[in-house]
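Here is a friendly briefing to read alongside the model. Please keep the sequence and the 3D view open as you go through the points.

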Amino acid sequence: MDQSWIKVPPEPSIGTSDDTMKNTLEFRALFADAAEREVVLQCYGCSLDSVKNQGQLYITSANRLCFFSAGRIFDEVKRSVPFKSVASIEKVDGLLSTGIDITLVESPLNRSASVDVSQQPPAKLQFRNFFNSRDQCFDTLQSVWKAYKTRPLVFGEHLSVLLFREKPPDGIPQFVRNAVDFIRANLLDLQGIFRMSASISGMARVQDLIDQGSIPNFADVSITQGDPHLVPCLLKKFFSLLPDSLFPAEEYLCFVTMRHIIYSTDSSRSEILKKFRDMMLLMPEENRRLAAYMVEFLAEVAAHSASNRMGMQNLATVWGPNLIRSPVGEQSIEEVGFVNEMFAIIVENHQTIFENVL
């Protein structure tokens with residue numbers, strides 16, 4: 001299974017592909033809230049708090065650890081703890097038992113309803129009975145936890161991880177929703193929107209606030225410092241910093257091919273739009289939902305082109321490279337033009353192309 005979408009330190013090593021697939025399928029059967037692309041990085045047999053709760057500890061690519069004990073004799077136990085809730089991870093070496101203690105700073109995500117526990121979360125999770133895998137588990141936990149603490153919260157985060165963390169009901173990241181709502185309410189007639197630059201220092205300042213978990217009020221002049229282009233530029237930057245472009249790399253070649261089909265065949269408009277719709281169906285659902293949201297918004301921006309001077313082609317020129325990137329890196333000027341041209345068609349015909357695909 002391809003794990004390139006998640007940044008995990010090279011040491012300690014993660015399980016084999018067969019192990020990853022087996023453990024991930026097992027994990028998803030146990031935890032219904034697993035994200036579409038969440039995979040198990042490593043799995044360890046151990047007990048939680050008591051020897052009777054012998055089960056499996058899963059460390060996943062969505063920056064959480066999960067424990068499950070089947071409860072054949074005793075009650076079923078299920079825990080799901082995000083790494084953001086972890087304050088410390090320590091080895092325990094005692095005369096009678098060895099293990100790992102994980103101290104928490106806030107409540108875990110889930111508790112099994114079948115377990116009679118107090119309303120207050122445990123301050124510490126005590127994992128025991130690892131047999132010979134305690135040290136390896138400790139190294140993996142430390143490595144993934146440290147990687148989580150040093151990674152960005154919003155800008156530069158993988159879309160699937162961001163959505164798993166925020167869990168927005170409509171599948172739109174909170175920053176994207178806030179920025180689009182603000183632009184819709186205030187900036188649709190702004191001349192040169194998305195084309196004009198904003199203050200670099202101002203963007204860095206607000207980006208840092210967002211990455212630290214703040215939800216800025218863009219209507220507050222102290223946030224934007226009177227720069228009307230700051231929010232549009234931040235929105236564009238969010239998509240440019242996605243590790244994988246919103247339209248996946250496989251779609252890039254489809255865009256180039258579609259131009260050839262349009263200009264080299266006798267396909268009707270409805271046939272061409274159907275091909276575009278089929279392309280959208282190949283995208284992961286989370287990408288497709290956000291793409292539909294963005295192209296609908298960009299069509300609305302284009303509808304104000306008489307005042308903002310950003311018609312369909314201008315929008316495709318500034319947005320195309322941020323949403324659709326070549327899988328081989330550098331693109332030729334000709335290819336960029338082809339892709340932008342196809343993107344403009346998608347924006348112009350978004351209602352037809354995204355009909356019944358969400």
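Two strands pair if DSSP finds at least two bridges between them, and helices (H or I, at least four residues) and strands (E, at least two) are DSSP runs, numbered from the N terminus. This is a predicted model, in which local features need pLDDT of at least 70, side-chain atom pairs count only at pLDDT 80 or more, and totals for chains, interfaces and linings use all residues. Residues are numbered from 1 along each chain as its sequence is written, and side-chain values use heavy atoms, with hydrogens and water left out.

**Strands**

- Strand S2 (residues 54–60) runs antiparallel to S3, and five bridges join the two.
- Within this pairing, Thr-60 stands opposite Arg-64 in S3.
- S2 and S3 form a hairpin with three residues between them, and Asn-63 in the turn has a positive phi of about 60 degrees.
- S3 also pairs with strand S4 (residues 77–82) in the antiparallel sense, over six bridges; here Phe-67 has Arg-79 of S4 as its bridge partner.
- Six of the six residues of S3 (residues 64–69) are buried, so the strand is largely enclosed by the rest of the structure. Buried means under 20% relative accessible area, exposed over 50%, and partly exposed in between (1.4 Å probe, protein chains only).
- Arg-64, Cys-66 and Phe-68 point one way from S3, while Leu-65, Phe-67 and Ser-69 point the other way.

**Tyr-148**

- Tyr-148 lies in helix H2 (residues 134–150) and counts as buried at 11% relative accessibility.
- Leaving out residues up to four places away in sequence, Tyr-148 touches Asn-63, Phe-83, Lys-84, Leu-153 and Arg-165; contact means heavy atoms within 4.5 Å.
- The C-alpha atoms of Tyr-148 and Ala-62 are separated by 9.5 Å, although the two residues are 86 apart along the chain.

**Nonpolar cores**

- A nonpolar core is a set of buried Ala, Val, Leu, Ile, Met, Phe, Trp, Tyr and Cys residues joined through side-chain atoms within 4.5 Å.
- The largest core has 73 residues, and those with the most contacts inside it are Phe-175, Val-176, Phe-194, Leu-235, Phe-239, Phe-276 and Trp-319.
- H10 gives the most to this core, with 11 residues.
- Apart from it lies another core, of 26 residues, among them Val-39, Leu-41, Leu-57 and Val-86.
- Setting aside neighbours within four places in sequence, Phe-276 is in contact with Met-258, Ile-262, Met-342, Ile-345, Ile-346 and Ile-353.

**Helix packing**

- The axes of helix H10 (residues 285–302) and helix H13 (residues 333–348) come within 8 Å and cross at roughly 85 degrees. Axes are lines fitted to C-alpha atoms, for helices over the stretch in contact, and angles run from 0 to 180 degrees between N-to-C directions.
- Val-295, Leu-298 and Ala-299 of H10 make this contact with Phe-343, Ile-346 and Val-347 of H13.
- Nine of the 11 residues of helix H7 (residues 230–240) are buried, so H7 is largely enclosed by the rest of the structure.
- The cover over the buried residues of H7 includes helix H3 (159–166), helix H4 (174–186), helix H5 (200–211), helix H6 (221–224), H10 and helix H12 (312–323).
- In H12, the buried residues include Met-312, Leu-315, Val-318 and Trp-319, and the buried residues of H12 pack against H7, H10 and H13.
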